[in-house]
Amino acid sequence: MGTRLAHFEGDNEKIKEFEDAQRATLNMLEDFDTEKRRLEEVQSATLNLLEDFDAERKRLEGVQRATINILDDFNSERMHSEESQRALLNILEDIDVEKSKVAEFNQQLGAVNKELEASNKELEAFTYSVAHDLRAPLRHADGFSKMLAEELGTQLKPDAQGYLADIQDSIGTMGRLIDDLLSLARIGRQEPKLQTTGLSSLVAEALSELKPEMAKREIEWRIAPLPFVDCDPGLMKQVFLNLLSNAIKYTRPRQPAVIEVGQTTSEGGPVIFVRDNGVGFNMKHADRLFGVFQRLHRKEDFEGTGVGLATVQRIIHKHGGRIWAEAELDKGATFYFCLGELEK
Amino acid sequence: MERAVEILLVEDDPKDVQLTLHALRGENLKNAIEVCRDGEDALDFLFCRGAHSDRSPDRRPRLILLDLKLPKVDGLEVLREIKGSSSTRVIPVVVLTSSKEEVDVVESYKLGVNSYIQKPVDFNQFRETIKTLGLYWLVVNQPPPDSAF
């Protein structure tokens, strides 16, 4: 302030007072200015502080919001996991219910199996007593009718003798029917016990057992090598016994009889066949071929009860296989069979 | 004097008894056959007890023809007792039955039967079978001597 101060004339004391006052005022103004500047500094420092405080507050608010968000997320996570837990508990409950249902089913299955076993045992007992109880009166009827024939023999007219012969004939038939039915029933009860078996050896065994039926016969045998298969050897031997016995029987009018055993292949595996040049049959009756007691020939031409092929079919089916036949009247017949895939 | 019993026939069916006796007639054995109609009677006879307690134990049959289906005591049980006692074990026992069921054959052999025969339905075959077995066990076969008992 380089203000030129007014120089007053006159009173030096007053001028001095005035100059003092002026100086004091200037000092005061300077102090005031300093103070103002200080206050301004304080103010701006305060404003800075307030700004910092505000920023801090905002930061804290941000942290608070973030914390609240985290708490929210945590809460919703917790609710999710509670839901999952509930869902899991429900699944476990359902599994438990399923398990107890399965246990119930198994119990029912067990009960049904027990019933089946009991029923099978009943059937066995039944067939056993059929064997015994039916054979006895048959034996008696045959015995007494023969004793009667012996007692009266020559006193009887030819007709009457014929009647007695017929009685004995019928008795014999019934005896064979019982035997055949029993063996069919026995096979029906058996589960095949599978083992790898050479079919050729079964054929050889069957042929040796059939020697009595081949006595005095001229038979040309053509036996090809047969494969090894998984089967029940006892049951399969019965198959060959029946098929070969039929072939021998129905080729009786032939000289020589020609009987072939061999195999052909198909996608499913080996197909075994037994072929003969016998009297054959009419294919239109083929559906009766495997029926129990069904026959396609007259008894007086060819004996038999009609159980042989039914037995064979049952055995083949028990092995999961198939059997069929092709024939022509008076030319011969071929029986084909294949065995299925079975669990050992 | 007590007659010697050649054959003990254990059979419950009267018709089977008649037919068997008829078949044995040809062997001149009809008088030497004792018939027991049930298992209990057969055991009483063989062990000289009950209704047969007046029998002498030295008089033993040389052959026992045994049916399996018997009242009171079953055929297999009779077989078990016969083969289980030293006083009767050596007597040949031939099971003569309608049954050819494997379970009966197996059990009979396990109990020590000497022979198992299924009665044929055909009477001629039946007669032939009885004749053959009578001939075999009483003539061809050497019966156990007394010292064997």
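**Ground rules**

The model is predicted, so I kept in mind that local features need pLDDT of at least 70, that side-chain atom pairs count only at pLDDT 80 or more, and that totals for chains, interfaces and linings use all residues. Residues are numbered from 1 along each chain as its sequence is written, chains are lettered from A and ligands numbered from 1 in the order in which they are written, and side-chain values use heavy atoms, with hydrogens and water left out.

**Entry: sheet in chain A**

I began with the sheet of chain A. It is an open one of five strands, ordered 2-4-5-7-6, with mixed pairing. (Helices, H or I with at least four residues, and strands, E with at least two, are DSSP runs numbered from the N terminus; two strands pair if DSSP finds at least two bridges between them.) Strand 2 (219-223) and strand 6 (322-328) of chain A sit at the edges with a single partner strand each, so one side of each has no neighbour in the sheet. From one strand to the next the twist averages 15°. (Axes are lines fitted to C-alpha atoms, for helices over the stretch in contact, and angles run from 0 to 180 degrees between N-to-C directions.)

I then looked up how strand 6 is held. Strand 6 and strand 7 of chain A run antiparallel and are joined by seven bridges. A:Arg322 has A:Cys338 of strand 7 as its bridge partner. Helix 6 of chain A lies across both strand 6 and strand 7, at about 140° to strand 6. (Contact means heavy atoms within 4.5 Å.)

**Entry: helix 5 against helix 6, chain A**

Helix 5 (residues 233-250) and helix 6 (residues 308-318) of chain A pack at about 145°, their axes 9 Å apart. I noted the crossing of helix 5 of chain A and helix 6 of chain A as left-handed; that label applies if the near helix is turned anticlockwise from the far one by less than a right angle, and right-handed if clockwise. Helix 5 of chain A brings residues including A:Leu235, A:Val239 and A:Asn242, and helix 6 of chain A brings residues including A:Gly308, A:Val312 and A:Ile315. By class the contact of helix 5 with helix 6 has eight nonpolar, five polar and no charged residues. (Ala, Val, Leu, Ile, Met, Phe, Trp, Tyr, Cys and Pro count as nonpolar, Asp, Glu, Lys and Arg as charged, and the others, Gly among them, as polar.)

**Entry: pockets**

The largest pocket holds about 1400 Å³ of space. (On a 1 Å grid over the protein atoms alone, a pocket is an open set with protein on both sides within 12 Å along at least five of seven lines, a cavity is a set of points where a 1.4 Å probe fits but cannot get out, and lining residues have an atom within 4 Å of a point. Grid points are joined across faces, edges and corners, and a volume is the space filled by probe spheres set on the points.) Of its 50 lining residues, A:Asp180, A:Asn242, A:Ser245, A:Thr305 and A:Gly308 are the closest to the centre. Helix 5 of chain A gives the largest share of that lining, 13 residues.

**Entry: chain B**

Chain B has an open sheet of five strands with parallel pairing, in the order 2-1-3-4-5. Its edge strands are strand 2 (33-36) and strand 5 (115-118). The twist averages 20° from one strand to the next. Strand 3 and strand 4 (residues 93-97) of chain B pair over three bridges, and B:Leu65 has B:Val94 as bridge partner.

The structure holds one cavity of 30 Å³ or more. Its lining includes B:Leu9, B:Thr20, B:Leu65 and B:Lys119.

Most residues other than glycine have a negative phi, and most peptide bonds are trans. The bond from A:Gln255 to A:Pro256 is cis, with omega near -5°. B:Cys48 has a positive phi of about 50°, and B:Cys48 is in the loop between helix 2 and strand 3 of chain B.
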